[in-house]
2 protein chains.
Amino acid sequence: MNTADMGLSGAEGRTGGTRGQGPGGSARTDGEPPAGGWGKVGVPSTALFTDRYELTMLQAALRAGTADRACVFEVFTRRLPEGRRYGVVAGTGRVLDAVENFRFDSGVLDFLADQRIVDEPTLHRLARYRFRGDIWGYPEGEVYFPGSPIMRVEGSFADCVLLETVVLSILNHDSAVAAAASRMAVAAGDRPLIEMGARRTHELAAVAAARAAYVGGFATTSDLAAGFRYNIPTVGTSAHAFTLLHDSERDAFTAQVETLGSGTTLLVDTYDVAEAVRTAVEVAGTGLGAVRIDSGDLLLLAHRVRQQLDELGARDTKIVVTSDLDEYAIASLAAAPVDAYGVGTQLVTGSGHPTCSMVYKLVARADSAAGPDATAPLRAVSKRSMGGKTSVGGRKWAARRLDADGVAEAEVVGSGEIPDELRDRLIQVPLVRNGEIVGREPLDAARDRHRAARAGLPLSATQLSRGEPVLPTEYV
Amino acid sequence: MNTADMGLSGAEGRTGGTRGQGPGGSARTDGEPPAGGWGKVGVPSTALFTDRYELTMLQAALRAGTADRACVFEVFTRRLPEGRRYGVVAGTGRVLDAVENFRFDSGVLDFLADQRIVDEPTLHRLARYRFRGDIWGYPEGEVYFPGSPIMRVEGSFADCVLLETVVLSILNHDSAVAAAASRMAVAAGDRPLIEMGARRTHELAAVAAARAAYVGGFATTSDLAAGFRYNIPTVGTSAHAFTLLHDSERDAFTAQVETLGSGTTLLVDTYDVAEAVRTAVEVAGTGLGAVRIDSGDLLLLAHRVRQQLDELGARDTKIVVTSDLDEYAIASLAAAPVDAYGVGTQLVTGSGHPTCSMVYKLVARADSAAGPDATAPLRAVSKRSMGGKTSVGGRKWAARRLDADGVAEAEVVGSGEIPDELRDRLIQVPLVRNGEIVGREPLDAARDRHRAARAGLPLSATQLSRGEPVLPTEYV
């Protein structure tokens with residue numbers, strides 16, 4: 001039994017994607033399950049990343065004869081985090097991996113049976129479970145607003161309901177990190193951002209965070225697993241421990257330069273910064289790659305260190321700053337002679353908003369079964385009790401309306417016919433068709449898309465100060 | 001290549017621990033690696049949950065001849081999250097799994113070679129890497145304060161430095177969730193808490209969060225993976241989608257009760273709460289297990305629903321409330337007729353503090369190699385530059401001093417000899433000895449320990465309002 005290393009196997013990176021696609025668009029390098037079942041292959045199941053009630057609802061629907069009713073579920077958020085002007089869709093590619101690997105293998109089924117979580121007929125249904133429906137969604141990297149139908153999952157109730165938990169886990173986490181990354185990228189301008197938050201979050205959340213940060217505009221990561229899994233460029237400097245290990249700072253710098261070359265980055269704030277910079281240039285020469293400052297008044301120190309480096313002739317030696325940076329601290333260093341920012345805690349925790357409030361709601365259903373021969377009309381449904389959490393029923397499209405200058409002016413969401421003038425502004429793309437993944441793309445496509453989508457928003461989108469969503473959402 | 005499903009395999013749960021220990025205290029059910037290497041077994045490597053600089057520092061230290069110097073690293077935090085009165089150690093058991101599985105298999109080594117991350121001698125060293133040192137630490141569930149040496153890792157620099165990132169990932173994440181859980185448990189008193197935040201965090205962080213919540217005092221989880229991996233009891237109700245799937249609320253309740261029995265929990269706020277409660281009791285009878293309210297004014301609704309249930313004769317039917325609860329909302333419902341709380345977002349995001357600020361610092365080292373024959377004395381080391389992030393050098397013990405009434409009055413941390421009166425109040429326990437895991441325990445032990453540790457603190461520890469750490473940390 002080997003359930004769920006969602007982090008490091010899948011489609012986009014080393015073990016799959018364009019490098020390793022199997023027949024039929026499958027991204028498993030292993031192809032079909034071996035005789036022994038799914039237990040020992042490199043693509044584990046994602047089926048247990050699921051709240052128990054998804055399975056018991058399926059059992060009840062099977063018993064009532066409603067499990068195959070055609071359904072439309074949508075993922076959206078009722079609000080952006082307070083003060084944020086736009087959201088960033090991230091995790092879409094990971095959702096596709098999770099859908100593909102959502103299989104109930106024998107270990108999982110044994111567990112469900114042992115614990116009497118569902119009955120025999122439900123176990124049989126789960127054993128055969130493959131998502132056979134359709135998924136449309138905002139492509140990864142797109143921006144979103146309150147009410148944007150970020151993902152639409154269509155199929156039988158059985159098909160769709162089981163995916164709720166894992167779809168939300170991925171989109172809520174990854175989009176929160178990408179939104180923070182995007183704001184930091186705006187603040188950093190042309191200077192590269194290094195993701196270095198692995199130690200501040202769950203070890204596999206860290207891998208997803210590095211991926212989301214890359215989508216949001218980060219250049220590199222310190223996390224080797226993210227390099228392995230998603231081919232994100234990895235970088236590193238050194239830690240205070242390395243200096244303290246040696247008999248002197250000079251010994252430490254010498255050890256590092258001798259093996260990593262003068263292009264390396266030396267950490268200069270273990271003892272005295274000015275002395276360390278002098279030693280660093282003596283040891284590495286004026287070709288020293290960079291110095292890192294990890295504490296103190298970064299604005300002041302960056303200016304002093306730049307001046308000192310220039311005076312020593314190390315004019316091309318870069319300055320990397322790290323130390324509890326967020327988008328505001330990055331912006332405050334815009335006028336300082338800083339060449340790159342390393343960001344940890346505030347990135348992986350979404351800079352104050354570690355999750356999004358995306359929900360997965362049934363918005364339409366038919367009275368009869370889903371499938372190619374389905375004839376019963378879909379009817380819009382929605383929770384209607386007082387006290388909040390209501391939503392707009394109906395299967396929805398979304399388009400971004402532009403003004404005369406080509407700048408976005410509204411997020412238009414509708415459940416009826418699409419107005420002609422919006423037909424070429426539709427945002428959703430097909431991601432899964434009849435259970436087959438059709439929406440895979442390289443991670444760089446999402447990264448490029450995000451940059452373009454953000455550039456298409458009104459200028460006030462990139463103000464760091466608190467504000468309202470920069471586009472209104474119009475329902476038609 | 002199958003790196004790192006840290007979430008669902010390991011020692012405490014289904015696939016290991018007391019149920020499946022192999023020879024020599026190993027928790028791998030698979031025993032030794034098969035002929036094909038680690039690539040296809042159920043216990044994948046954790047070695048890539050590592051920042052790149054850990055490996056390049058090792059390379060430089062190998063080149064300089066300092067990689068085998070005896071070192072002591074300590075995990076501690078300089079401060080608690082603002083306003084918090086105590087911290088909760090969680091993740092210790094997961095750290096032990098991660099240390100045991102920290103192996104560089106061929107897939108990892110190929111990646112490191114391909115990317116030229118380290119040189120050949122370092123690759124050879126990594127291929128042989130097993131942690132052979134000692135780890136001491138606060139046992140899981142203990143409380144901690146600023147400066148508490150939560151974990152102490154001793155061995156060669158090579159042994160210890162590589163573990164920094166993954167150790168911090170686990171402790172920073174899990175302890176943040178456990179601290180929030182503990183406050184919620186205080187607020188809930190004797191009423192059970194249900195963890196249901198999987199959809200609000202990374203899918204594997206969710207599994208660790210459910211585990212940490214259990215340590216902090218939660219009773220159950222909705223997350224099946226947490227049930228599978230850690231044997232935490234799973235529970236579930238149903239969603240609004242299930243009601244909306246059916247032609248009427250009555251049909252939905254009937255379907256659920258017919259297959260799950262009258263002891264089930266019915267969701268009563270899809271349309272009109274009073275009508276739903278009436279229907280629920282008509283369908284399930286007065287033996288209905290529970291109703292769930294997921295929106296609206298929970299205080300008001302709980303009173304109304306309780307009265308209605310009582311009037312209908314369903315005096316034993318419980319009321320479960322959910323809907324963006326945190327410790328303050330739970331406390332505000334203390335006088336309401338609520339029987340259980342379901343908590344999601346605020347739990348898995350640490351109720352405003354999604355990570356701790358634990359660091360992993362070299363505090364002492366020798367000039368010569370670690371090992372049983374080591375003779376060179378350890379010398380205390382610490383970063384000394386101005387501008388913060390300094391720490392106290394030296395290998396430290398910790399004890400909790402009690403007052404005359406047996407209530408904790410200080411966290412005493414020292415690097416010299418232990419005063420006699422504190423010898424039986426020492427907090428750290430051995431977790432790993434000469435590379436062998438010795439600190440495994442059932443998860444319930446950590447949960448029980450937390451309850452006892454919290455009860456031993458001054459009464460003001462459990463005030464929810466913002467305050468200072470309830471114990472001072474004294475360095476001797």
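Good morning. I begin with helix 3 of chain A, whose buried residues are Thr92(A), Gly93(A), Arg94(A), Val95(A), Leu96(A), Asp97(A), Ala98(A), Val99(A) and Glu100(A). This helix runs over residues 92-100, and nine of its nine residues are buried. Please keep in mind throughout that the model is predicted.

Let me place that helix in its chain. Chain A holds 16 helices and 18 strands. Of its 476 residues, 63% are buried. Taking the contacts in chain A between residues at least 6 apart in sequence, 74% join residues at least 24 apart.

I turn now to two helix pairs in chain A. Which residues of helix 2 of chain A meet helix 5 of chain A? They are Leu55(A), Leu58(A), Gln59(A) and Leu62(A), and their partners in helix 5 are Pro121(A), Thr122(A), Arg125(A) and Leu126(A). By class, this contact between helix 2 and helix 5 of chain A comprises five nonpolar, two polar and one charged residues.

The second pair is helix 8, residues 203-216, with helix 16, residues 443-455, again in chain A; their axes are 7 Å apart and the packing angle is about 45°. Helix 8 and helix 16 of chain A are therefore oblique to each other. Helix 8 of chain A contributes Arg211(A), Tyr214(A), Val215(A) and Gly216(A), while helix 16 of chain A contributes Leu443(A), Asp444(A), Ala446(A), Arg447(A), His450(A) and Arg454(A). Here the classes are four nonpolar, two polar and four charged residues.

Let us look at helix 16 in chain B. With 13 residues, 443-455, at 1.5 Å a residue, this helix should span 18 Å, and its end C-alpha atoms are 19 Å apart, which agrees. Which side of helix 16 of chain B is buried? The buried residues are Leu443(B), Ala446(B), Arg447(B), His450(B), Ala453(B) and Arg454(B). These cover an arc of only 130° around the axis, and so they lie on the same side of helix 16 of chain B. On the other side of the helix, Ala452(B) and Ala455(B) are exposed. The cover over the buried residues includes strand 2 (87-88), strand 4 (143-144), helix 7 (164-188), helix 8 (203-216) and helix 9 (224-230) of chain B.

Staying in chain B, consider Ile330(B), which is found in helix 14, residues 327-332. Is Ile330(B) buried or exposed? Ile330(B) is buried, with a relative accessible area of 0%. Leaving aside residues up to four places away in sequence, Ile330(B) touches Met184(B), Ala187(B), Ala188(B), Leu193(B), Leu325(B), Tyr341(B) and Val343(B). From Pro139(B), Ile330(B) is 191 residues away in sequence and 28 Å away in space, C-alpha to C-alpha.

Ser323(A), although not a glycine, has a positive phi of about 135°. Ser323(A) sits in the loop between strand 10 (318-322) and helix 14 (327-332) of chain A. Asn434(B), also not a glycine, has a positive phi of about 50°. The loop holding Asn434(B) lies between strand 16 (429-433) and strand 17 (436-437) of chain B. Asn434(B) is exposed, with a relative accessible area of 65%. Thank you.

How values were computed: Residues numbered from 1 in each chain as written. Chains lettered and ligands numbered in written order. Predicted model: local features only at pLDDT ≥ 70, side-chain atom pairs only at ≥ 80, totals over all residues. Heavy atoms only, no water. Helix = DSSP H or I, 4+ residues; strand = E, 2+ residues; numbered from the N terminus. Expected span 1.5 Å × (residues − 1). Buried < 20%, exposed > 50% of the residue type's maximum accessible area, 1.4 Å probe, protein only. Arc of directions from axis to C-beta. Contact = heavy atoms within 4.5 Å. Nonpolar A, V, L, I, M, F, W, Y, C, P; charged D, E, K, R; others polar. Axes fitted to C-alpha atoms, helices over the stretch in contact; angles between N-to-C directions. Parallel < 35°, antiparallel > 145°, perpendicular 65-115°, else oblique.
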